[in-house]
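Subject: Structure handover

Hi,

Here is the structure for you to take over. My notes follow below it.

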Amino acid sequence: MDTTKGKNKADFSMTIAPSDGHNLTKKEKDLIEESAKLRHAQRSPERLIRNQMLSVLYRLEAYLQEENGDNKEVYTIAYFVEEFCKVLKLNKTQFASHVDTDVSNLNKYLNGQRAFNIEFAMKFSHFFHTPVDVWLKVQLKNDLIALHKAEKGHKYDKYDYKKVLQMA
C-alpha cells in the first residue's frame, strides 16, 4: 500500500488487517478508517446483508476447521441457524415456514431429537446460500465430539462380547 503524502481517503482502496506488516501513523490509520466508513455507507442494504451472511458462513467454516479439543466450545446447527436468522431478521417460526415445516418439527431437528438429514441440509443450503456439505459437516463434527466424550466416560463398556464369554 502506498501511503505517500498527499493521498486522501478516496485513494485508499484496500482494507488493512490488524497485523499486515505495515507500520502506519495514526493519521494514516484514521484516513483508512474514514475511507472504510465511507465505503460502508455507500453499500446497498442487500450488500450489507450479504456481508453479514458471509461473516456467519466464515465463522461456520472456521468452526469446522478447528481441532476438536476438550475445551473447545461446541456450536450446533441451531446456533448457526439462529445467527443467519438474526441477520435476516427472521424468527424461528418464520424460518420454519420458509423451509416448509412447522416450528416444532424444526426444533426437533435443531435440538437433536431427530437426526439432521440431507433434506434439511439442502433446504438450509439453498435458503442461506451456503454449501450443503457445511451443514452435514457441523452435524458430523458434533456427533464425533459426543462420541469421544462418551468413550472417555466408559458409557459403553458394558457392551463387550468378552463379558458374555466369561459368563458362559
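Start with V81. Leaving out residues up to four places away in sequence, V81 touches F95, L110, F124, F128 and W135. Please keep in mind that this is a predicted model.

As background, nonpolar side chains in soluble globular proteins tend to be buried together.

Now the overall fold. The chain has eight helices and zero strands. Read along the sequence, the pattern is α-α-α-α-α-α-α-α. Of the 168 residues, 24% count as buried. Take the contacts between residues at least 6 apart in sequence: 52% of them join residues at least 24 apart. The accessible surface of the chain is about 12100 Å², and carbon and sulfur atoms account for 53% of it.

Next, a charged residue to look at. K141 lies in helix 7. Which side chain of opposite charge is nearest to K141? It is E66, 4.5 Å away. K141 is buried yet has no salt bridge, because a salt bridge needs a side-chain nitrogen of Lys or Arg within 4 Å of a carboxyl oxygen of Asp or Glu. Neighbours within four places in sequence aside, K141 is in contact with Y63, L64, E66 and N68.

E67 sits in the loop between helix 2 and helix 3. Is E67 buried or exposed? E67 counts as exposed, because its relative accessibility is 66%. E67 and K141 are 74 residues apart along the chain, and their C-alpha atoms are separated by 10.0 Å.

Last, the surface. I118, M122 and L136 form a nonpolar patch there. Together these residues have about 250 Å² of accessible area. M122 is placed in helix 6. M122 counts as partly exposed, because its relative accessibility is 36%.

Best wishes

Terms used: Residues are numbered from 1 along each chain as its sequence is written. This is a predicted model: local features need pLDDT of at least 70, side-chain atom pairs count only at pLDDT 80 or more; totals for chains, interfaces and linings use all residues. Side-chain values use heavy atoms; hydrogens and water are left out. Contact means heavy atoms within 4.5 Å. Helices (H or I, at least four residues) and strands (E, at least two) are DSSP runs, numbered from the N terminus. Buried means under 20% relative accessible area, exposed over 50%, partly exposed in between (1.4 Å probe, protein chains only). Lys and Arg count as positive and Asp and Glu as negative; His and the chain ends are not counted. Accessible areas come from the Shrake-Rupley method with a 1.4 Å probe; for residues, only the protein chains shown count as cover. Patches are made of residues with over 30% relative accessible area and no salt bridge: like charges are joined within 9 Å, nonpolar side chains (Val, Leu, Ile, Met, Phe, Trp, Tyr) within 5 Å.
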